[in-house]
Amino acid sequence: MELKNRMSRDRARLAYQLRYAARNPERIVPYARRLARDTWLRARARDHVAYYRSVMRSDAARSPYGAVGTADHDRWAAIGRLQFDYLVEHGLRPSHRMLEIGCGNLRAGRLFIEHLDPGNYYGVDISPDILFAAEDTVAAYKLQDRLPHLTPVRDLRLDFLPERHFDVVHAHSVFSHSPITVVDECLAHVGRILAPGGFFDFTFNRTEGQEHHVLREDFYYRTATLVALAERHGLEARFMDDWERGNKHKQSKLRVTAG
Ligand SMILES: C[S@@+](CC[C@H](N)C(=O)[O-])C[C@H]1O[C@@H](n2cnc3c(N)ncnc32)[C@H](O)[C@@H]1O
């Protein structure tokens, strides 16, 4: 855990970045290309969500698997399995109603859809392009009869969803791509749709040093910042140690419940 903290802290420093570039010269050109593309997209977007939607459009055109962070299919399946196994161990039952925020092309969603009773899975995403890929996943894994709901969203106000409805809300690798205003908006509204006894799990890039971002694509937060933000919205947030134990995933996880 300490090593992970130190790595996040170091990543923000220019000296670290220069050393990293010297050690990985093959990454300089792809990084420079990404920097140029993102600068161009950001200049045209009215806010972060519009910007990130265009990043997803550009990435998904190349590969929907790459767009969600796992270009390799086996890795895509493994990261989905990791999320699924964790929630099942934490009591996810077929009768539960689940909302996945930032469902992508259903890396984990396909397993949740298979596990839950028909109609009980709701996936939302800001990117219509990745939702088209999600539909392809539903067809490829023959999940049509499970009737998943897949919906594009403009923001995370969740105001089209019913009150006290979802037993489990899940967001994997979404706040790691979100500025604090987006996290705040979600935490301000998620309490309304949580069923009694329900919880909201989300992962984040953890730093114990300075909070920072890379290209406004990857954001790093202190645990305390997110816990305090949840409290401000009347929610309780708990750090999930067991997610990190024996698990090679680089993000951390918080669980939010009604306070
Ligand atoms: C790295 S992918 C992860 C997808 C999925 N959670 C998974 O684990 O495969 C991040 C996803 O979150 C979506 N996303 C990013 N910001 C979002 C937001 N503010 N609201 C909803 N979806 C968002 C992206 O479009 C993308 O599909």
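Me: At what angle do helix α4 and helix α8 pack, and is α4 oblique or roughly parallel to α8?
Reply: Good place to start! In this predicted model, α4 covers residues 48–62 and α8 covers residues 128–140, with axes 8 Å apart. Their packing angle is about 45 degrees. Angles under 35 degrees count as roughly parallel and 65 to 115 as roughly perpendicular, so α4 is oblique to α8.

Me: Which residues of α8 does α4 meet?
Reply: Let's start from the α4 side, where R53, M56, R57 and A60 take part. By class, this contact has four nonpolar, no polar and three charged residues. On the α8 side, the partners are P128, D129 and I130.

Me: Is H212 buried or exposed?
Reply: You can find H212 in strand β6, residues 212–214. Its relative accessible area is 14%. Buried means under 20%, so H212 is buried.

Me: Which backbone oxygen lies 2.9 Å from a polar atom of the H212 side chain?
Reply: Look at the side chain of H212 and find its polar atom with a backbone oxygen 2.9 Å away. That oxygen belongs to Q210.

Key. Residues numbered from 1 in each chain as written. Predicted model: local features only at pLDDT ≥ 70, side-chain atom pairs only at ≥ 80, totals over all residues. Heavy atoms only, no water. Axes fitted to C-alpha atoms, helices over the stretch in contact; angles between N-to-C directions. Helix = DSSP H or I, 4+ residues; strand = E, 2+ residues; numbered from the N terminus. Parallel < 35°, antiparallel > 145°, perpendicular 65-115°, else oblique. Contact = heavy atoms within 4.5 Å. Nonpolar A, V, L, I, M, F, W, Y, C, P; charged D, E, K, R; others polar. Buried < 20%, exposed > 50% of the residue type's maximum accessible area, 1.4 Å probe, protein only. Polar contact = N/O pair within 3.5 Å; in protein donor to acceptor, adjacent residues only side chain to side chain.
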